[in-house]
Amino acid sequence: MGKEIILSGMRPTGKLHLGHLSVLENWAKLQKDNENYYMIADWHTLTTGFNDTAMIQNNIRDMALDYMAAGIDPETSAIFIQSRVKEHAELHLLLSMVTPLSWLERVPTYKDQIAQFGKEGKDISMYGFLGYPLLMAADILVYRATAVPVGEDQLPHLEFTRELVRRFNHLYDCQVFPEPKALLAKIKLLPGTDNRKMSKSYGNDIPLDADDQLILQRVGQMVTDPARIKKTDLGHPDVCTVYTYHTFYNKDEAADIEERCKAGTIGCVACKKRLARKLSEFMAPIRERRQALSGNPKRLDEILNAGCEKARIAAKETLAKTREAMKI
Ligand code: TRP
Ligand code: SF4
């Protein structure tokens with residue numbers, strides 16, 4: 001891979017947890033040798049959460065801390081807030097003039113999400129929600145990003161962006177925008193403590209800032225092999241969440257634990273203790289990095305200001321080229 005311009009982001013909906021970590025670690029890896037922009041997509045939260053904005057400012061700061069705790073380096077990458085770089089909005093508007101309505105309506109998440117929220121009695125069929133993929137396209141194109149690390153669920157949005165690039169460059173007979181490619185990392189999904197998808201709303205998550213006590217409590221609530229009552233019962237690690245976690249965070253001992261569980265020579269309490277110890281070791285530096293910054297709000301402001309400024313400089317250049325191509 002040659003030098004890429006990389007952009008990605010997340011919606012600030014609350015503190016991040018261990019399930020998000022592999023995504024952030026992948027972003028952190030991409031910092032080497034590339035030009036990186038990591039965004040906190042606060043405008044995107046409004047597309048579904050327009051009536052529930054009380055926590056946004058807190059969530060933005062938490063997200064910035066989580067990014068850095070996970071290894072995003074503000075010296076190398078621009079860590080910035082979408083709504084503070086107004087060029088995203090200008091590009092969104094300009095692109096909206098050439099975006100066929102039908103393209104937006106056929107993005108799979110559009111009808112799905114409206115139906116999903118509808119079931120909960122919430123109407124999100126707003127102009128802004130329809131434009132979700134276009135705002136995302138503007139986020140990417142405003143940096144003329146060449147590569148976007150995203151999860152599989154975002155692929156239709158990336159395809160939409162690429163189609164829009166072809167249309168724009170053709171309409172205005174220019175090469176302002178490159179077609180961004182998706183970087184799909186092979187990320188193994190870490191389940192929550194109850195073996196469902198990890199989510200704060202399920203109470204099955206391990207927050208990135210968890211202390212030893214919370215780790216112990218969360219490991220304590222993990223579901224184990226239900227067929228095992230006594231230590232001597234032969235276990236099935238393949239159906240045990242604790243074992244799954246050992247394969248992530250205690251690779252050296254996982255094979256031994258598997259064998260002893262199957263043979264009935266290790267008890268679940270001891271097994272969980274071992275995991276909690278390993279997780280504590282693993283999470284301590286993440287928590288410490290986070291704490292160092294959360295205790296220094298001025299420094300955090302400086303970092304975000306610098307990130308927004310760096311992003312703005314690149315974005316302004318793109319807007320100049322876009323206006324020139326459109327003669328506006
Ligand atoms: N839609 C993305 C998500 O929900 C967040 C996002 C907004 C994003 N703009 C982006 C991701 C641009 C990548 C590039 O996860
Ligand atoms: Fe799970 Fe460990 Fe108990 Fe086996 S011994 S069922 S791997 S917690």
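This report looks at the two ligands in this predicted model and at the spaces in its protein.

## Before we start

Residues are numbered from 1 along each chain as its sequence is written, while chains are lettered from A and ligands numbered from 1 in the order in which they are written. As the model is predicted, local features need pLDDT of at least 70 and side-chain atom pairs count only at pLDDT 80 or more, whereas totals for chains, interfaces and linings use all residues; side-chain values use heavy atoms, with hydrogens and water left out.

## Around ligand 1

Let's begin with ligand 1. It has 14 residues around it, and Arg11, Met39, Tyr132, Asp139 and Gln154 come nearest (a residue counts if one of its heavy atoms lies within 4 Å). Sorted by class, this shell holds eight nonpolar, four polar and two charged residues. Here Ala, Val, Leu, Ile, Met, Phe, Trp, Tyr, Cys and Pro count as nonpolar, Asp, Glu, Lys and Arg as charged, and the others, Gly among them, as polar.

Which element gives the most to the shell around ligand 1? That's helix 8, with four residues. Helix 8 (132-141) and strand 1 (5-10) each supply at least two; helices (H or I, at least four residues) and strands (E, at least two) are DSSP runs, numbered from the N terminus.

## Polar contacts of ligand 1

Now for the polar contacts, meaning pairs of N or O atoms within 3.5 Å. Tyr132 has a polar side-chain atom 2.7 Å from a nitrogen atom of ligand 1, and for Gln154 the distance from a polar side-chain atom to a ligand nitrogen is 3.0 Å. On its own, ligand 1 has 370 Å² of accessible area, and the protein covers 92% of it (Shrake-Rupley method, 1.4 Å probe).

Over at ligand 2, the surrounding residues include Thr224, Asp225, Arg228 and Tyr243, along with Cys240, Cys261, Cys268 and Cys271. The shell splits into seven nonpolar, one polar and two charged residues.

On a 1 Å grid over the protein atoms alone, a cavity is a set of points where a 1.4 Å probe fits but cannot get out, and lining residues have an atom within 4 Å of a point. Pro237 and Ile257 are among its lining residues, and helix 11, helix 12 (251-263) and helix 13 each give at least two.

Key. Polar contact = N/O pair within 3.5 Å; in protein donor to acceptor, adjacent residues only side chain to side chain. 1 Å grid on protein atoms, 1.4 Å probe; cavity = no way out; pocket = protein on both sides within 12 Å on 5 of 7 lines; lining within 4 Å.
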